[in-house]
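This report concerns the fold and the charged side-chain pairs of one protein model. Please read it with the sequence and coordinates at hand.

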Amino acid sequence: MKQQEFIQIISPFKDKLFRLAKRMLVSREEAEDATQEVLLKLWNRNDHLRGYNSVEALAMTMTKNYCLDQLKSKRSGNLQLVHSNYKDGKPDVEQQLEDRDALNWVERIINELPEQQRLIVQMRDIEELEFNEIASVLDMNETAVRVALSRARKTIREKITAKHNYGIKTS
């Protein structure tokens, strides 16, 4: 297997490997090292990769096992893990309320859009459909879909900006 073919096989899920390693090891540096080690092991097995039903499943299992080995070796050596770079990913209550409020505003603004723009925003930004799929569903030209989406986003942006700038005087 050539390097380019190996990269094409690994690329779709290499970020998943990193996220798994980061979740298990917490440290970004250790997660990067773990990911690199697993990719190196996969490269050393590259001639046999075609024999596996799912290279992704193999890589995820290898990552999990590597991380468990790393954690065991640290415990047995009585090394203490220091999580100085650990940040709680959960926003505080105030931030959650602000986010929920902003989401409600955006939802209201989207609901005020003309029906066609509302459908296009729903299909593109929420359901993540491609422009050609939206065009075929709505029986429109792809360019018309892009224009309508652009106008809808502009309207949303202007209304959100107006809401956030309410009461602020500009000279």
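The text below takes up the overall fold and then some of the salt bridges.

This is a predicted model, in which local features need pLDDT of at least 70, side-chain atom pairs count only at pLDDT 80 or more, and totals for chains, interfaces and linings use all residues. Residues are numbered from 1 along each chain as its sequence is written, and side-chain values use heavy atoms, with hydrogens and water left out.

The protein has eight helices and zero strands, where helices (H or I, at least four residues) and strands (E, at least two) are DSSP runs numbered from the N terminus. Of its 171 residues, 25% are buried, that is, under 20% relative accessible area, with exposed meaning over 50% and partly exposed lying in between (1.4 Å probe, protein chains only).

Seven salt bridges are found in the whole structure, each defined as a side-chain nitrogen of Lys or Arg within 4 Å of a carboxyl oxygen of Asp or Glu. Three of them are listed here.

| Salt bridge | N to O distance |
|---|---|
| K16 and E56 | 2.7 Å |
| R153 and D125 | 2.4 Å |
| E142 and R146 | 3.6 Å |

K16 in helix α2 (residues 14-25) and E56 in helix α4 (residues 55-76) are 40 residues apart, and their pair links distant parts of the chain. K16 is partly exposed at 36% relative accessibility, and E56 is partly exposed at 28%. Because R153 lies in helix α8 (residues 142-164) and D125 in helix α6 (residues 115-126), their pair ties together parts 28 residues apart in sequence. By contrast, E142 and R146 both lie in helix α8, four residues apart, about one turn of the helix.
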